[in-house]
Amino acid sequence: MTRLVMLLCMFFIVSCTTDPKFSNDKRKLSERYVEMGVRYMQMGKLNIALERLEQAVDTDDDNVNAQNSLAVFYEGISNYGRAKDHFDEALSLDPESPMVLNNYGRFLCGRGDIDQGLVHLLKSANMALNERPWFAMTNVGICEFKRGNSQQAEAYYRRALIVNPSYEPALLNMAEISYDKSEFMKTRAFLERFLNYRDATPNALVLGFLAEQALGQDEKSEEYKTLLLSRFPLSDEAAKVRQMQDLMPVQKDIPSRLIKPGSNQGKVSNVNATEIVNKLEPSALSEAKVSPEIDLMETESEQAITVEPAVQATE
């Protein structure tokens, strides 16, 4: 009821004034609602977050940041129709917004419309006025990877790291691509850089486990495994590591570094060790997604939005 009264009051005021000062105040209030909505998204309080973001749009529906933020929210709870509506509205308000172009392109690639997604992402990545091009560059890489173009994907991850050497998603994606190419020393290097900038994730730990095992560094591989099982015991990655260890014991006369993807050794009871490891491998870019771009008032750094799902989180 309180929210309804507030919205009615807003509508009454907006419809009865053309004061430029009020228009400016309206934008500031809308931005404040955006800021609160984003913070609640980060806290996982989705009902309150939705209310604040709706208030932001209701207060000023010409606020590109409000439309963009609400689109990101709906994407996060898998309401893709509403997300697309608000992305379309945001883009119509500002077709040259690198932030909106990046988010909409990322969204379209995630929904399978890779060609159109890349149109938006490449435009964002190449805009001279884009102050944070590494978002779009990394997303271009993800889209290219999805359509099987790993060489192009790697090129854009490297571009992202040139302009922002500490950008975590690009570092983890490069670690995964290096692993796929059996460049295990590079995998280690990118992964160590990634872990310098953020806490370990299950996907990063399992990647470290596999890379060190491939390098024959059993002790270091065991450290990754122990950390994975202790910090994320209920994760899918931990379950698969336990399964691999149960089904694929290392024979004393076979160095553990030989039991890696592509190896025909280590079969136990007709279980193919390679298949087990392949199932264990980090799924392509599963955790190295790029956080949506949302501008917060009086906040210079980009916000990493983690939406805890009401239905199913995509990012």
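Let's start at Arg111, which sits in the loop between helix H6 (98–110) and helix H7 (114–125). Helices here, by the way, are DSSP runs of H or I with at least four residues, strands are runs of E with at least two, and both are numbered from the N terminus. Arg111 has a relative accessible area of 46%, so we call it partly exposed. For that scale, buried means under 20% relative accessible area, exposed means over 50%, and partly exposed is in between, with a 1.4 Å probe and protein chains only. Tyr80 is 31 residues from Arg111 in sequence, and their C-alpha atoms are 8.6 Å apart in space.

A quick word on where this comes from: you are looking at a predicted model, where local features need pLDDT of at least 70 and side-chain atom pairs count only at pLDDT 80 or more, while totals for chains, interfaces and linings use all residues. Residues are numbered from 1 along each chain as its sequence is written, and side-chain values use heavy atoms, with hydrogens and water left out.

Now stay with H7 for a moment, because Gly117 lies in that helix and counts as buried, at 0% relative accessibility. What does Gly117 touch, leaving aside residues up to four places away in sequence? The partners are Gly105, Leu108 and Cys109, where contact means heavy atoms within 4.5 Å. Phe107 is 10 residues from Gly117 along the chain, and the two C-alpha atoms are separated by 7.3 Å.

Let me zoom out. The protein chain has 15 helices and 0 strands. Of its 315 residues, 47% count as buried. Among contacts in the chain with a separation of 6 or more, 59% join residues 24 or more positions apart.

The H3 and H4 crossing is left-handed, meaning that the near helix is turned anticlockwise from the far one by less than a right angle; clockwise would be right-handed. On the H3 side, the contact includes Leu46, Leu50 and Leu53, and on the H4 side Leu70, Phe73 and Tyr74 are among the residues. By class that contact has 10 nonpolar, 2 polar and 1 charged. In this scheme Ala, Val, Leu, Ile, Met, Phe, Trp, Tyr, Cys and Pro are nonpolar, Asp, Glu, Lys and Arg are charged, and the others, Gly among them, are polar.

Ser78 is not a glycine, yet its phi is positive, at about 65°.

Where does Ser182 lie? That one is in the loop between H10 and H11, and Ser182 too has a positive phi, about 60°, although it is not a glycine. At 49% relative accessibility, Ser182 is partly exposed.

The contact of H10 with H11 has 10 nonpolar, 2 polar and 3 charged residues.

Which residues touch the most other members of the 44-residue largest nonpolar core? They are Tyr157 and Leu191. A nonpolar core is a set of buried Ala, Val, Leu, Ile, Met, Phe, Trp, Tyr and Cys residues joined through side-chain atoms within 4.5 Å. A second, separate core has 27 residues, including Val64, Ala71, Leu101 and Tyr104. Back at Leu191, its contacts beyond four places in sequence are Leu172, Ala175, Ala204, Leu207, Gly208 and Tyr224.
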